[in-house]
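Hi there,

Here is the structure I promised to send over. My notes on what turned up in it follow below.

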Amino acid sequence: MRLLLVEDDTLIAESLNRQLSAAGFTVDEAGTAKQAEHLGKQEDYRAVVLDLGLPDGNGLEVLKSWRADKLAMPVLILTARGDWQDKVNGLKAGADDYLAKPFQTEELLARLNALIRRSEGRVEAKLTAGGFELDEHRQCLHTPDGQEHSLTGTEFRLLRCLMSRPGQLFSKEQLLEQLYNLNDSPSDNTIEAYVRRLRKITGAEAIATRRGQGYVFNALD
């Protein structure tokens, strides 16, 4: 789950980045309106956390620009506590939810996950396909034979991406974009290595290779 965090306060951004990463997100940061607008249009994000007070402009204008370009990723805006007008203006501009500062990270994560589930047409915090069940809270996989397998952060993000759209082909480039942020430099063989590790849990048939094209989660309900 790749996410854009728009926050100009360095200390807040670093703290949120650590906690979002621990929760299974791949995080890109933007500290200005210009950078946020550019990244939102250039990259494929599952969600955005958008602070409204930016040094070179208002986050609402960034949001309006994204929506004008038909970008539909869920956006959660951060507002000052009690500033109801910011909340109203944000929702009118196309935001999906808001959170007032200061806030608990647990609430931010809960709201983000709820937004993403709704955008994917789900109501539960788990992905199911072909007898497999991926628990997003505990980052573990339940296999059809009844076993539970703990996953590393990267294994979880990769499997979540594949299971979010069973039957859909994902190229290596698309998977790398969802697993790593702009500061990472993974090798071309990274995806192959993690797919091999996941197949030891899921079996070889669940994740199919389309030679020269990419990977498909084959286990359909």
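A term to start with: contact, or touching, means heavy atoms within 4.5 Å. This is a predicted model, in which local features need pLDDT of at least 70 and side-chain atom pairs count only at pLDDT 80 or more, while totals for chains, interfaces and linings use all residues. Residues are numbered from 1 along each chain as its sequence is written, and side-chain values use heavy atoms, with hydrogens and water left out.

With that in mind, M163 touches L127, T128, A129, F132, L134, L141 and F217, leaving aside residues up to four places away in sequence. Along with L159 and F217, M163 has the most contacts inside the largest nonpolar core, which has 26 residues. Such a core is a set of buried Ala, Val, Leu, Ile, Met, Phe, Trp, Tyr and Cys residues joined through side-chain atoms within 4.5 Å. Buried means under 20% relative accessible area, exposed over 50%, and partly exposed in between (1.4 Å probe, protein chains only).

Now for some backbone details. Most residues other than glycine have a negative phi, and most peptide bonds are trans. K70 has a positive phi, near 65 degrees, and counts as exposed because its relative accessibility is 73%. Q139 also has a positive phi, near 50 degrees, but Q139 counts as buried, at 13% relative accessibility. Finally, the peptide bond joining K101 and P102 is cis, with omega about -10 degrees.

Happy browsing!
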